[in-house]
Structures are given as structure tokens and as C-alpha cells.
Amino acid sequence: MKPFLSVSAFTLAALLSCSQAHANKADDTLHVAFTKELESLDFYYQSAREGTILNRQIWDGLVFRDPATGKYVGDLATSWKWIDDTTLEFKLREGVKFHNGEDFDADDVVYTVATVTNPDSHVVTPSYVNWMKNVEKIDKYTIRIHTNGPFPAALEYLSGLVPIYPDKYYAEVGAKGMGLKPVGTGPYMVESVEPGKHYVLKKFDGYVGAKHKADIGTIDIRTIPDINTQLAELFSGGLDLIWGVPADQAEQMESMDQLTVANESTMRIGYIVMDAAARGGDSPFTKKEVRQAVGYAIDRKAIVENLLKGSSEVINSACYPTQFGCTQDVPSYSYDPAKAKELLAKAGYPDGFTTSFYAYRDRPYAEAMMSYLNAVGIKADLKFLQYSALRDMQKKGDAGFGFLTWGSNSISDVSAITSLFFEKGDQDFARDDQVAEWLKAGDTTVDEAKRKEDYAKALTKIAEEAYWIPLFSYNTNYVFTKDIDFKPTPDEIVRFFDMSWK
Amino acid sequence: MLAFTLKRLALAILVTLTVSVISFSLLHLSGDPAAALAGENASSTDLEAIRHLYGFDRPLTTQYTEWLWNALHGDFGQSYYFKLPVADLISDRLSVTMLLGLCSITFALLVAVPLGVAAAVKPNSIIDRLALFLSVAGQALPSFWFGLVLVVIFSIKLRLLPPSGSETWKHFIMPTIVLGYYAMPAIMRLTRAGMLEVLNADYIRTARAKGAGTMRVLFKHALRNAIIPVVSLSAVQMGFMLGGSVVVEAIFALHGAGYLAWESISRHDLPTVQALILIFSCFYILFTFLSDLTNAWLDPRIRVG
């Protein structure tokens, strides 16, 4: 009897004391989870997607790219024009205030850019800012950005990667202070920070920029590293919204009445790289027929339909389709194993060959590709590594055949992917002079038509020569309660200011 | 007892110093800390600048003595990742792990010791078999799976306990059970074996012959001797729980020092890793020291041995 009594007492006590936090619209608080412990809230001193998400809520850039139309509109600026190939002039918005009451003007832009472009500041991702030489103040609400050479993607970078900080506050508190108590002009202001663990954002009533004025009063963000725990919190009412949910779990949740599952493609694409330039020594991949055979051997459509699912799609060009300059009108390789075998025979490998196949994520996708390759005679031996190890090998010219992915840092411009992999850098296994020349031309002119033309030429040759076999775009599953109105976007940036209660 | 205590204390301090030297050297020998800090795209000029900025270009002995001197004054430097003082970062996280560790070992002892005693009193009975089953299950169940099963039952189905976080005492119930359950089998088996051995000893027969009650014989005479190895084991288990609660802390989003250690290692956050190794080691040494004292108090023969 005694054990029964003690169990009953425990159960009763637990029942009576049950008062866990339940997310709901009654207290106007949206509860969400981050998977990763964020190093700092100062955008320039972190490199995580979670930091990118927070950046867009707390700070503004000079311009804002409307995710619905893809067009740039003024945010902290109201208008802009290219004075010449390296000078971009902005008229700034008047009457903007930072969360701490400081007025925004040209000095803030000059100070922010001067601070973060200074090599001594050791920002985490210098490429976000080091295209700017300096900022010149023309008057209180006019500035000119001088670039280090023509930089046509300037507006794209200014729309998200260069948040403007309050000069007086930042001079006083520095990166450490900004990381603990961020101050910006964005739709949400930071109420509290427990480093790495918990962040609370409050709607900023004084917001006047181009983004939507926030509708939801409070955003409560907790770091929960385990996706299963995030799901448990969602089921038990502790969270309202999570993302990055694996496809099989998302499918199960679609049948639950209280939850909405939204699937959206992301800018990340998967591709197969081949060592056409023989950086790792002579290999079958120096032959164009072999590279094309790899393209014909893999049923990309079947992998998308059975493994990636959601809004992923087969892509043919070495970029994400909505990026500026990314044409999909290039030669493509549909699934045709007979043709693959024919091409291999033509290249002098009628019985195929044996090779190493490198990958760092999504092992099931890599294994599916290997089985397709095996079917045409390419016996691949999987080498599954950590990304940093694989990247190091590639920088040295090794690991020249494998399945990799790239997310372009959410930059909607083709240069965010092609410049890294086809302009003779240490991850370029094509090393094609003509391709590199076209791409560099596209990267350094502000003439949009000319850029599109240059990129189209380069992407067509990349496809013709089969330097890469682009595979598919990725997707993310967002799961949230029926109470919120939310539409995810392909750049994987969750915009709390675009959400509202139903 | 005083001589014994002083001898053990001196030994503890010596072990702490040795641990600090080894951890400092190993971390510096495991790779260039400047390269880890600078990231993939750093040039050799950047590396030199970072080496100078952080003082990596000075002799290792100078770096070690400076680090130890500062550590003794509570200054563990600044976290490379969080860019915050390591001492602040750890003190915040350590309280969670300490609380979890203490609750878990208490839970494990409260369940395992009485069960071990009961199993020893009636070998091969239902209680003994139940104890054996619990012991096998405790070692066989992976903690991430056990944790999730508890979450599904108590958070999702019954809605009794919060699945993650560390705000209230309720947040600690499931993590305590999961972590404590892992420590239970060894404690229980050791208690059972110790009790079985002691219960056949002459002095127990004498105590019974003198008319002492069953409970008095079991808990006053027998357990006092049988518990000695359990005390030592519990100290080791407690030290293990502090450092090894990574999985439990990750599942229940507790943000304790165990999870911080794992994250810091993967991010090459040297100052944080060094401080955590030193602190965990100190706790390990402290628990062992305290268990030695407890055993010496329980069994006076140890003091002279």
C-alpha cells in the first residue's frame, strides 16, 4: 500500500504544481527556439544563421530587399544613385531614432563602416564589409560609399550584411556591450539577453523604416539544441514556432490539427564537383565525357522526390535560380544510364573505374548517388568527413570528386557562389580561364544587362563542360501553431516583424 | 585524524597542480590556437598578429604561470567564442550542473542503497531480481533515449513536467532521473555485494545474538561497513556526472557546464576549456578527498593504513 500511496502523492503534487509556461497569443508573446548557442548578438562578431535572423529584427541596413518582390527599397536611406562605378550616393531617412533614443544621421553610417572595415576590429566575416573603401559624409543626411573597385552586388550587401549602429553608443560600449545589449533602429528592440541561452525582443513603437512595423509584442527565444526537445516543447505548448524539422517528422506533424507545417526551398544547393583541372593528379575526371557521364548517371529527380521532398527541385545551373544572374537556360543532364555508359566507353573506360567520393553532410543522399554511379561502372568509395576537414583538403587540391553544398550566405546574387568556386580560388577545380574572366567581368560592372550576359556565358560553359553537376535545391520545414500567420521565404530568414496573430 | 587529513590535503593539492600542467600543455600542443581563432581564410600576417595579441608567441612556461596565477585569483581570461569573461560564463553554467549532479547522486543513493540492502537481505527473491533488472536496464538504456521517453510520457502525454529549461525545480525532475539512473546500477550492486559479505561476518552474528533488532543490525552494524566502497564510488560518480552530463544537458536544454565544455572543445575556445578542465578536476579531487575523510571516519583502520 505504501508504495502506491507515495506514487499517488507524487502524481498529485505534480498535477497541482503544474504551471508551465504556455505559449499563446493571449500574452502577445511568440516563443521560438534557436538550435545553436549564438556567440554574440553583435552581428559583426558572429557567423550563425540565428545571428542573421536577429540582425534583421534589431537593425536596419541602408536598403531593404522586399522578400515578396525581390526589389530594393529604401530602409535607412530613401534614395540612391551610382555616381560612378565605385561611388554610390545615398540620401538618408530623417526622423529615425535608435532604440536608446539616439538620432540617426550620416555620422552613424560613417562611424559604423569605418569601425567594421578597420582591420584591427577583427570582424568575423570581413568579406561582408571589405568591399567598401570608406564612407564620405556630404551633409547630415547624405553620404557616399566609395568601393574598392566596381562592386555591383553593393545593394544586396547593404540590404542585410551591413547593419548600421548608433555611433555614440557603440563608441561607448564596443562590441562586447553591443553583444549584451544591442541597440538598433529595427522593428524589435532587445529587452534581455542571457548569452547563448535566452533572448527577449520587444516591439519598437518608434520604428519608421521600410520593414513592416512589428505586430507581435514580444518574441521570446530560447536555445534548445536538440530537435526532438524542440518538438516536445511545441507539442506541450512551450513553443510556437520551430524550423529545420526533418522531412519524416514534418510529414507526421502535418496531420495534427493544432499545427501548420510550411515547407520552403532554401538558397542552399547541392552539387557534384569534379577535378577537371587535375589538381590532385591525373584522373578520369579530366575527360569531359566522364564528367558528363556522371551527370547522366544520377537520377536527380528521384533523389528529390524520395529523399529531399518538400519544395526542393532539380537544378541545372551552378547557382540558386532566384539569385541575380542565375540563368537556368543551360545544357542539362537528364537521367540516362545507357548514355552514361556510352560516354564512359568513349572516354576509354568501358568497364568503368574506381574512385573516392567525398561528402560531409546528408549521407543518405551521397549513398543514393553512389549507387547510381555504381550502376554505370563508377565504383565509388565514400569518404565522409567534417566540412572543415574536407574544405582543407580541397584547398590543397585533394578531394576532387564529391558531393558538396553551398548556401550563398543568403546573398541573392550569383557572385555569392560562382566567385568562390570558379574564379581560380583554392576551391576551384575547373580553373577555366574563360569562365573566370566572364565571371570577374560580371562581378565588376554595375551594368545589370552586361552582368547577366557575362554570367550566362560562364554558367553555360560550366554546364557544357560539366565542371559541376548541380543537383538540387534544399528545403526547410517550419512547424508552427495555427495561431500565427507566417509565410517563410527562400532566404531562410525568419522575419518576426512580418508575422501576426490570427 | 588530523595527520591523515593533512596528508590527503597535500596529495590533493599536488594532483590539482599536475592536472593543471597537463591540461595546459595538452591543449597548447593539440594544434595552433592562433589558427583555430583566425579561421580558414587567415593569412600568415593575420596569424602572427593574433599570436601576438593573445600572447601565444611567449614561452609556454610564462603563459602557464601567468594563466595559473590569474586562475588562482578567479580570472580565467576571456572566452574566444562568447567574448565574455570565462569566470562569469562558467559560474552561470556551473550552478546548473552542480545542482543537477547533486540531485542526481542523491536520487541514485536514495533508490540504490535501500534496494541493494533489500536485495542482499533476501538473495534470489523478487526484490533481488527487480534490483538486477533495474541494474541491467540502467546500464543498457542510452540516456538520450530514456530522456526522450520520459519527455514523451510526462511532458507530451500527461503534460505534468516542462520538457526543457532550468527555470523552476520542475525542470530538474526528468534530468535528475535520467542522470541519476545511470549512476544507480553500480551503487546498487556494490551495496548488495558489500552487504552480502558483511551479513555473514561474525560481529553481525554477535549483534543478533545480543538481541539487536533487524533494522539496527542492518543499518547500524552492517551498512556502516558495507557502505565504504559505495562512498568512494559515489564520489567518482559525482565527478563523472559534472563532466559527463553533456547528453542530458543537451536533451533538456539545461545550458550547464557539461554542455558548455563540449561546445567549447568543438569551437577551440581554449580559455573556457582550460578553466572547465581545471574546475572539473578540482571537484573530482575534492569529492575524492571528502570520500577519503568519510571512509576514515566510518572505519578508523583506514586512518592508520
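This report walks through the overall build of chain A, one of its helices, the cysteines and a few single residues.

## Ground rules

This is a predicted model, so local features need pLDDT of at least 70 and side-chain atom pairs count only at pLDDT 80 or more, while totals for chains, interfaces and linings use all residues. Residues are numbered from 1 along each chain as its sequence is written, chains are lettered from A and ligands numbered from 1 in the order in which they are written, and side-chain values use heavy atoms, with hydrogens and water left out.

## Chain A as a whole

For 502 residues, a compact globule would have a radius of gyration near 23 Å, and the 25 Å of chain A agrees with that. That radius is taken over C-alpha atoms, and the globule rule is 2.2 Å times the number of residues to the power 0.38.

Of the 502 residues of chain A, 58% count as buried. Buried means under 20% relative accessible area, exposed means over 50%, and partly exposed is in between (1.4 Å probe, protein chains only). Take the contacts in chain A (heavy atoms within 4.5 Å) between residues at least 6 apart in sequence: 70% of them join residues at least 24 apart. The accessible surface of chain A comes to about 19,900 Å², with 50% of it belonging to carbon and sulfur atoms; areas come from the Shrake-Rupley method with a 1.4 Å probe, and for residues only the protein chains shown count as cover.

On the charge side, chain A has 54 positive and 71 negative side chains, and the centres of the two sets lie 2 Å apart. Lys and Arg count as positive, Asp and Glu as negative, and His and the chain ends are not counted. Each charge is placed at NZ of Lys, CZ of Arg, CG of Asp or CD of Glu.

## A covered helix: α13 of chain A

Helix α13 of chain A runs over residues 415-422, and six of its eight residues are buried. These are A:S415, A:A416, A:I417, A:T418, A:F421 and A:F422. Their cover includes strands β12 (259-274), β15 (401-406) and β16 (468-481), plus helices α14 (433-443) and α15 (448-464), of chain A. Just after α13 of chain A, A:K424 takes a positive phi of about 70°.

## The cysteines

The whole structure has one disulfide over all chains, where a disulfide is a pair of cysteine sulfur atoms within 2.5 Å. The partners are A:C319 and A:C326, with their sulfur atoms 2.0 Å apart. The torsion about their S-S bond is about 85°, so the disulfide is right-handed. Both A:C319 and A:C326 are buried.

Over in chain B, B:C103 is partly exposed at 28% relative accessible area, and B:C282 is partly exposed at 32%.

## Single residues in loops

Two non-glycine residues in chain A have a positive phi of about 55°: A:D28 and A:A278. A:D28 sits in the loop between α1 (2-16) and β1 (29-34), and A:A278 in the loop between β12 and α8 (288-297). A:D28 is partly exposed at 27%, and A:A278 is partly exposed at 27%.

In chain B, B:S245 lies in the loop between α11 (228-244) and α12 (246-251). B:S245 is buried, with a relative accessible area of 0%. Neighbours within four places in sequence aside, B:S245 is in contact with B:T97, B:L100, B:L179, B:F240 and B:G258.

Methods
Helices (H or I, at least four residues) and strands (E, at least two) are DSSP runs, numbered from the N terminus.
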